[in-house]
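Here's a quick briefing to read alongside the structure. Have a look at it first, then work through the notes below.

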Amino acid sequence: MRRQYLVRISDMKMASGDADITTYALGSCVGISFYDPYRKMGALLHVLLPEQPVGRDPNDMKYADSGIRKTWSILEQNGFTRENTIVKIAGGARMFPVNRKDGVLGDIGRKNVEMVRKVLAEKKLPIRGEDVGGDAARTMTLDVGTGKVTIRPAGGTEISL
């Protein structure tokens with residue numbers, strides 16, 4: 001029987017074999033999938049904000065910078081290598097109208113994507129597929145058996161990365 005894992009906002013799940021890992025509500029949030037095709041193992045991280053404030057929030061997975069770093073540390077402990085890891089990202093939409101002079105709320109999706117790209121580049125993990133930006137929320141699913149990543153935008157057509 002196929003196992004199903006649900007990744008909530010500010011969370012990460014890892015699985016191997018015959019399993020799907022899914023996250024919903026990727027509006028301005030960003031989902032990051034990590035997949036090792038040789039080990040048939042994968043992880044899916046759902047980050048809410050770009051950068052963890054120093055000493056203010058112990059939930060590393062909530063932030064792109066600390067969430068990716070912690071996830072990669074866990075994956076390396078489980079045998080992942082940079083050479084074999086396939087990374088794909090989705091989300092980062094503009095979900096909120098810009099209603100402040102500084103535009104912070106309206107730009108959070110873009111800022112999330114920028115931080116995700118920055119930290120993945122620091123870790124030397126190239127992005128092999130992406131569906132980011134726009135104004136629609138997305139559902140992201142990683143098929144751990146095959147590595148296929150499926151994106152279902154709200155009101156749109158499903159795509160594979």
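Leaving aside residues up to four places away in sequence, Gly145 touches Gly17, Ala19, Tyr35 and Lys40, where contact means heavy atoms within 4.5 Å. This is a predicted model, so local features need pLDDT of at least 70 and side-chain atom pairs count only at pLDDT 80 or more, while totals for chains, interfaces and linings use all residues. Residues are numbered from 1 along each chain as its sequence is written, and side-chain values use heavy atoms, with hydrogens and water left out.

**Around Gly145**
- You'll find Gly145 in the loop between β8 (138-143) and β9 (149-153); helices (H or I, at least four residues) and strands (E, at least two) are DSSP runs, numbered from the N terminus.
- Gly145 counts as partly exposed because its relative accessible area is 24% (buried is under 20%, exposed over 50%, partly exposed in between, using a 1.4 Å probe and protein chains only).
- From Gly145 to Asn78 it's 67 residues in sequence and 17 Å in space, C-alpha to C-alpha.

**The nonpolar cores**
- The largest nonpolar core has 22 residues, and Ile32, Phe34, Leu45, Val116 and Leu120 touch the most other members. Such a core is a set of buried Ala, Val, Leu, Ile, Met, Phe, Trp, Tyr and Cys residues joined through side-chain atoms within 4.5 Å.
- Two or more residues of this core come from each of β4 (30-36), β5 (41-47), α1 (64-77), β6 (86-91) and α2 (108-122).
- α2 gives the largest share of this core, with five residues.
- There's also a second, separate core of 14 residues, and Leu26, Tyr35, Val144 and Val149 are among them.

**Helix α1**
- The 14 residues of α1 should span 20 Å at 1.5 Å a residue, and its end C-alpha atoms are 20 Å apart, so the two agree. The expected span is 1.5 Å times one less than the number of residues.
- Buried residues of α1 are Ala64, Asp65, Ser66, Gly67, Ile68, Thr71, Trp72 and Leu75, and they pack against β2, β4, β5 and α2.
- After α1 comes Gly79, with a positive phi near 95°.

**Positive phi without glycine**
- Ser10 isn't a glycine, yet its phi is positive at about 65°. Ser10 sits in the loop between β1 (3-7) and β2 (11-16), and is buried, with a relative accessible area of 12%.
- Ala25, also not a glycine, has a positive phi of about 65°. Ala25 belongs to strand β3 (residues 19-26) and is partly exposed, at 44% relative accessible area.
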